[in-house]
Amino acid sequence: MAEVILKSVGKVYPGGMRAVQGVDLHVRHGEFIVLVGPSGCGKSTTLRMVAGLEEISEGAISIGGRVVNDIAPSERDIAMVFQNYALYPHMTVGRNMAFGLERRRRHGSLLRSLLSPAYAAERRAESARIQARVDEAAGLLGLRPLLQRMPRELSGGQRQRVAVGRAIVRDPAVFLFDEPLSNLDAKLRGEMRTELRILHRRLGATMMYVTHDQEEAMGLADRIVVMKDGLVQQIGSPSELYDRPVNRFVASFIGTPTMNFIEGDVERDGNAHALRWAGGRITLPAGTTLTTARAAIGIRPDTLAPVADGPFRGTVQSIEFLGDRADVLIETSGVRLNARVPTDSARAMREGASIALGMPSVVHVFDGDGQRAS
Amino acid sequence: MVIVGLVIAWAFLHVAVREWNRSGGTDGRTELVVMHWSGDGGQEEDQIVDASLRAFEEANPGIRVRRVNPGDAGSFYTKLMTMLAAGEPPDVFYVGNERVPSFADIGLIRPLEPFLDADRAANDPTAIDLADFYPATVDAFRFDGTASGRGALYGIPKDFTTVGFYLNLDLFERAGVAVPGNDWTWDDFIAAGRAIGQLPDATGSEFVTWAAMLRAYLMTEGVDVKGANFDELTIEDPRAVAALERLRAWRHDEDNTLTSGKSKIATGSSVFLSGKVGMAGPFGRWVVPSYRKIPPAGQAGGFRWDFRPLPRGAVASNIVLTVSWSIASRSKHPDQAWKLVKWMTDDRSQRDLAKLGLAIPTRKAAAMGPEFSDPTQEPANDAGYLLAAERAQVVEWPVNPQFESLFASTMDAALKTGTISVREAIDTFLRDWTSESQSPLAKADLAPMPWRGLAMAGLAALAAATAWFIWWMRSSKGSRAHRSEERAGWLLASPWVIGFLAFMAFPIVMSLLLSLARWKGVSTLEQAEFAGLANYERLLTDDARLRTSLRVTLYYALIAVPLGQAIALGAAMLMNLKVRGIALWRAAWYLPSVLAGVGVSVLWRWVFDPDGGLMNRMLGGVIAGADRMLGWFGAGPTGLVPPEWFEADAAVWGAPAFAIMSFWFMGGTMMVYLAGLQQVPIDLHEAASIDGAGRMRRFVSVTLPMLSPVILFNVIMAVIGSFQVFTQAFVMTGGDPNNLTRFYVLYLYNQAFEFYEMGYASAMAWLLLAIVLVLTVVLMRTSSRFVHHEGAPR
């Protein structure tokens with residue numbers, strides 16, 4: 001078990017394309033950290049640099065206190081789970097899981113085992129240990145009945161489980177996951193997510209996990225790293241990111257449905273600020289400091305609720321029932337707002353009817369440059 | 001579509017019009033088809049024959065002549081065979097005297113005595129008097145049912161040659177050897193050869209070991225290879241053995257007396273042109289046109305030269321090699337054809353042809369004329385040819401053309417390349433010829449093939465299949481739309497289906513039927529006889545050459561397939577590197593496989609030539625380097641010499657040489673591997689490298705298993721390909737020496753197109769199919785343990 005430290009890590013491809021720049025990250029021992037961001041943001045590249053599959057162009061990465069920039073992947077004491085599982089298709093599940101250990105065995109020479117009985121005994125003992133490890137990992141993931149099967153005979157979920165099993169068996173210092181669930185259907189993805197979470201708790205291992213799915217990130221992570229265009233936007237726990245996004249990108253990326261933004265002109269009144277837009281004006285929370293003329297407020301859809309009269313008035317465009325909640329799209333003058341409301345209150349609405357929404361409990365304020373201002 | 005349709009319609013119309021014109025529908029004249037060759041005679045011979053035929057047309061207004069000249073003698077016989085097999089032979093054509101027995105035996109050519117007798121009875125002024133001809137040239141076209149030389153006359157000789165040696169008079173002078181007369185002996189010959197061989201940078205003589213020339217050589221010792229007939233061979237006669245041993249010793253036990261038998265390039269009549277060989281022969285008159293291009297003495301590359309007939313041994317002897325005009329048995333206009341034969345062999349035509357210098361007129365009067373004996377041109381000794389003609393004999397040949405082939409290849413191995421001893425050569429020859437001539441297939445009288453019944457059966461089968469097909473179409477389930485779609489599908493596929501039935505299925509069935517027949521490819525199908533399984537029986541039990549060819553082919557496959565795959569895979573991995581300009585590299589590596597064919601084979605013959613070929617120079621350099629290195633450590637030299645690939649070392653190195661050559665053509669295989677390599681997911685390599693697998697382990701544990709279906713495919717294709725080696729061997733070695741490079745398909749070709757044993761060749765083809773099929777099935781079955789098929793359930 002170990003911590004992973006990235007210091008000013010950058011990746012420049014031949015041709016000058018900068019995929020990652022200046023990433024500073026301290027993954028604590030036993031922490032489950034998730035790198036999230038839209039495709040092309042550099043999250044996978046960052047993970048692959050940790051794995052040793054990509055050269056590190058700038059900065060340094062250390063695993064367990066050892067700088068690994070020039071160390072081969074196999075020497076970094078890591079295990080990786082790939083998006084496409086990368087199971088060896090010509091080996092049984094058992095052999096897939098044992099492959100990494102077989103490569104690392106100290107008594108591997110068949111020839112020597114033929115010449116020296118002592119060596120042969122060691123070799124047998126080592127084989128037995130490997131088998132025991134595989135068996136143990138298989139038990140942990142419920143793979144025991146599948147050990148003799150070939151990968152092609154397994155379902156997607158089972159394959160993913162084998163890929164995880166192959167990583168576990170090696171007992172590495174750090175687990176790396178590169179979008180491991182994105183090839184699974186939604187239901188299975190949810191189940192695997194839970195399992196991974198449980199597994200992490202049980203193993204207590206350091207895990208780095210890449211996904212483009214913020215929900216997955218929120219569900220799994222101790223801390224999340226949000227990346228965009230090769231730059232880290234924010235690092236924090238899921239609730240920090242949800243409650244205090246540092247900029248509009250993070251605010252819009254995290255949370256479902258996406259946060260509503262209303263842009264307008266800033267009006268100063270002593271220390272207090274207000275935002276005016278075509279459809280209205282609201283006073284910004286105390287403690288807001290703005291230097292720009294334009295600003296935006298962000299409102300999470302689940303903080304909007306219908307009221308008899310409020311600052312946001314408009315007509316209901318559509319109502320989508322989701323079970324206990326419903327998503328309502330409201331056209332106000334100049335701005336469309338999403339509101340997630342309890343189903344009961346949605347039942348009272350009609351598409352096309354007028355509606356008023358009350359002032360939300362939390363309003364996020366972003367300045368003209370998109371940075372948090374409240 | 002319209003344009004394509006018009007083009008096709010035009011093509012058919014064009015052929016139809018041509019055929020109609022040809023059939024003589026336009027005028028009332030009789031058409032004669034005449035076929036000849038013009039190999040050594042070139043354009044000039046072509047023109048002389050053409051002029052002579054035009055003159056004939058003018059003299060005979062009722063006859064129109066269509067002339068066919070496929071080129072050299074080889075192409076001529078191929079064309080003749082196809083015409084004969086199609087049942088439409090030319091009316092009048094060239095026949096070399098060695099072909100008379102095989103052609104006459106199956107009734108291809110017409111005996112000419114009836115015409116001679118009729119002319120004589122009618123007191124025809126154009127009647128041929130055979131006494132005007134050199135007797136040996138006439139006898140060469142006689143055949144008595146078993147061998148040539150006696151019996152009915154099957155052709156009127158148009159010209160001939162005797163044989164002897166061409167002498168480089170300048171080298172004789174430099175070596176201080178007196179130029180011999182026409183009555184010289186073998187002792188004179190070899191003494192001159194040794195003396196000239198002592199000169200720096202010169203060789204005594206080139207001595208070709210062609211079958212006819214060897215027999216001419218033996219005849220000068222008063223012995224031939226055959227006795228009364230071809231069942232009683234005299235090659236074991238002590239005189240014959242002694243003469244052969246002597247010839248072998250001249251070449252292989254002495255230095256520079258005879259040219260080395262090693263080189264496949266520096267051989268034959270062209271060696272003389274270099275000016276570094278004292279004598280060259282035995283050749284006939286046909287080399288004269290090319291030798292006349294030698295510059296006069298004093299000029300660069302020039303020297304004086306002359307001809308001497310074959311030296312005398314125990315007796316003075318010579319042979320005639322001659323070509324006749326003959327008439328096809330199936331000619332529809334035999335009388336007009338005879339008229340033409342007389343025209344083409346009369347005194348005037350012969351004198352015209354004699355101007356070429358290529359051959360001697362067969363009419364004595366014409367031969368004595370100034371057209372042949374031209375004192376202004378070399379060689380001075382034209383009389384030498386004529387003197388030899390007086391003492392010349394006919395080289396008799398049996399019906400079976402394999403006699404010549406067997407004799408030539410065994411003697412070549414003993415006397416030229418020296419792969420085996422004279423004794424071994426004689427034993428091999430006797431064994432193979434006895435097996436050939438005594439085989440039940442050669443002797444038995446067989447019933448004709450029941451073609452009528454077979455055709456009926458075939459038609460019935462076709463009708464039944466059609467009926468079944470119609471029934472099947474009618475009864476097919478599904479909606480109207482589905483059925484009409486199905487009909488449309490079949491309709492659209494029908495050109496291919498019909499093409500397949502006519503051009504693939506029918507020939508396949510025919511070859512299966514022919515494999516049960518004894519049929520000379522030069523005769524019509526009606527002459528095929530039903531032999532049952534005799535062809536297969538002989539194949540499996542009694543054909544030493546077949547066994548050799550199988551052994552050679554397997555040896556080749558064992559080297560070429562695994563090594564070829566390894567090299568192609570290695571190359572593909574190189575081509576899979578991501579370096580700058582990789583596309584160019586790929587093209588460059590692929591290119592040679594586009595160039596495959598005869599030209600490349602000729603090129604490789606030079607590469608493998610033991611005298612200064614690229615390969616042996618390279619190996620020589622490597623060996624010399626190794627010797628030098630060993631020298632530094634005080635060890636002795638390796639004692640290695642580069643192999644004589646297709647000569648003395650052919651037993652070991654012949655097939656490997658072809659294998660090495662096959663690597664040149666691996667581009668296609670390489671591309672398939674490259675495509676396979678690019679299909680291997682990069683994930684797997686990354687996973688393996690994280691798992692601790694190094695490069696080698698990743699290759700073994702990831703690349704190879706992922707590539708295994710591609711490997712299986714390539715191996716199967718390579719195995720099939722290795723059983724189809726033909727062009728290279730045909731061009732480079734012709735199967736020599738001693739059959740050591742006679743690959744299976746080459747032997748099949750020999751049987752089919754040189755010995756005309758179509759039935760036997762068909763059986764060979766089916767055996768080949770069986771062998772390849774078995775090998776493929778074995779590969780497929782045994783491979784399932786090693787080959788990983790993505791997605792396929794076990």
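I first located Gly64(A), which sits in the loop joining strand 4 (58–63) and strand 5 (66–67) of chain A. Strands here are DSSP runs of E with at least two residues, numbered from the N terminus.

I noted that this is a predicted model, in which local features need pLDDT of at least 70, side-chain atom pairs count only at pLDDT 80 or more, and totals for chains, interfaces and linings use all residues. Residues are numbered from 1 along each chain as its sequence is written, while chains are lettered from A and ligands numbered from 1 in the order in which they are written.

A residue is buried with 20 or more other C-beta atoms within 10 Å of its own, exposed with 12 or fewer, and partly exposed in between, with C-beta atoms placed from the backbone.

I looked up the contacts of Gly64(A) beyond four places in sequence and found Ala2(A), Asp77(A) and Ala173(A). Contact requires C-beta atoms, placed from the backbone, to lie within 7 Å.

Leu6(A) is buried, since 24 other C-beta atoms lie within 10 Å. Its contacts beyond four places in sequence include Val23(A), Leu25(A) and Ile61(A). The C-alpha atoms of Leu6(A) and Leu25(A) are 4.9 Å apart, although 19 residues separate them along the chain.

Finally, I recorded that the C-alpha centres of domain 2 and domain 3 of chain B lie 37 Å apart. The domain bounds come from an automatic or database domain assignment.

Terms used
Helix = DSSP H or I, 4+ residues; strand = E, 2+ residues; numbered from the N terminus. Contact = placed C-beta atoms within 7 Å.
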